[in-house]
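Hi everyone, thanks for coming.

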Amino acid sequence: MFPYKTSIKFDRKCNQPLYLQLSNQIIQFIKNQHILPNTKLPGSRTLAEQLQVHRKTVVACYEELLLQGWVESIPKKGTFVHRNLPELDQQTIKDFITSDFKKTTGFSFYKNSILTDKPSDKKKNFMYLNDGVSDGRLTPMDDIARTYRRISAKKNVFEHLSYSTTYGNNTLREVLAEYLNATRGLHITKENMLITRGSQMGIWLSSQLLLTKEDVIVVGNTNYGSADATFLNQQATLKRVLVDADGIVTDEIEKLCKQQKIKAVYVTSHHHHPTTVTLSAKRRIHLLNLSRQYHFAIIEDDYDYDFNYNHAPILPLASHDVNGNVIYIGSVCKTVAPVYRIGYLIASKEFVDEAAKLRGFVDRQGDALLELTFADFIKSGDLDRHIRKVMKIYKQRRDLFCSLLKNELGDFLEFEIPKGGMAVWAKLNENYSWSKVSEVAQKHKLEIGAWQRYDLANFGHNCIRIGFASYNEDELYELICRLKQTVYSVKI
């Protein structure tokens, strides 16, 4: 019998609920093989007595483990560690102007045909679909501005107004490392972190360091279009594998590894872009094991970690990585507002050092004052308070949006209610096409946008991603109304 009483430690001064502290520790014991697959866990009353906590704490813990896929509940028998979890291979990391510009040039230059321009001018009275962005109106502008002014008024502010390091502000790196260690189960220092201008810079830096012409990178058969474009810009070869309800199918990745050399795998673990599904615990461990066995990098783009409505977020792949295979990328852009271009790239120290050198070719440094502002914003608890506030609002908007979609457009669209994130993955009735819907939508002052980017592999799935978080209640009703008018106007 595993010694739960002496092995489990609670920090009652910590802001993290006891049930999450308990579930995260049990997950760690499972990963370290101290608790083996198919092991029966103690009954909730028994474990509650041993740990001297309320039984509801243990029940909530077991529910969390069940939702994340670490355990299975067998009626009349109890709760068992999932029998099909693979063992996690482990290895210690070693140090770890004018108005008359000409329209054409007198010289030749390279034109990128992969990325398309986004229109900068919006049409009057039009509504625009997006693929899941935050509502800028909820941004705590007063708090951020107040902090920025206070930092700018300090006597030593001039130290931050000159050239600095390409790694990003040291204070923000330290604060972010501590924050991510506490909230996402990472085990890093500032040496493992490079501050970037959003996730896209992290993806670009990673692709530059990892990929050369014809190198193979594995992505989902549906995938984040900007990531695909970045890898193609490196002339890499994209190998697409199936994505289902449990995320990217790692068995297919294993088959590819046996056939050819894989340089990297790109995943959006929370929540897969664009379909919104979450990568299961079983596949996370399988992918980590494959990365060690076949020596490929995992680019984990965790753009959507904070927004989970049904259960706590599953800890990222990076929290389980002890072999130095994961490059973990994220940002505060989605959480607070896209205008704040502050993100991070986390990896082994040697990879971060090279990324910092490379960053210097395109961006000498970040905005030190803004980075100091967000260091204070995080450390003071303002970021967590903002997340809790918008989580409630976005959940209400998700519920309303999905209800309207089902009631008003259920004959035309199929979708699953997303467990997290800020968008819905919607499949259009096969009798209709997004091409025609997009054309007719203009008459109803609705802009569908570049719907083709959701099927870059030409699978013909007839799905697009529709964001809900950036619309208030009245706007959601209006959006559904225009979409309904559009679909009813389309002639089959």
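Predicted model: local features only at pLDDT ≥ 70, side-chain atom pairs only at ≥ 80, totals over all residues.

Okay, let's begin with two strands. β4, residues 193–196, pairs with β12, residues 343–346, and they run in the antiparallel sense over four bridges.

Now, which way do the side chains of β4 point? Met-193 and Ile-195 go one way, while Leu-194 and Thr-196 go the other way. And are they buried or exposed? All four of these β4 residues are buried.

Next up, the aromatic rings. How many aromatic pairs does the structure hold? There are twelve. One of them is Phe-126 with Tyr-128, a tilted pair, with 6.4 Å centre to centre and 45° between the planes. Phe-126 counts as buried because its relative accessible area is 19%, and the cut-off is under 20%. Tyr-128 has another neighbour too: Lys-122 lies over the face of its ring, at 5.1 Å from the ring centre.

Another pair is Phe-412 and Tyr-432, and this one is edge-to-face, at 5.5 Å centre to centre with 80° between the planes. What I like here is that the pair links distant parts of the chain, 20 residues apart. Phe-412 sits in the loop between α14 and β13, and Tyr-432 in the loop between β14 and α15. Both Phe-412 and Tyr-432 are buried.

Last one: Phe-2, Tyr-4 and Phe-29 are linked by ring pairs into a cluster. That's it from me, thanks!

Note on methods:
Residues numbered from 1 in each chain as written. Heavy atoms only, no water. Phe/Tyr/Trp six-rings, centres within 6.5 Å; stacked < 30°, edge-to-face > 60°. Buried < 20%, exposed > 50% of the residue type's maximum accessible area, 1.4 Å probe, protein only. Lys NZ or Arg CZ within 6 Å of the ring centre and 35° of its normal. Pairing = 2+ DSSP bridges.
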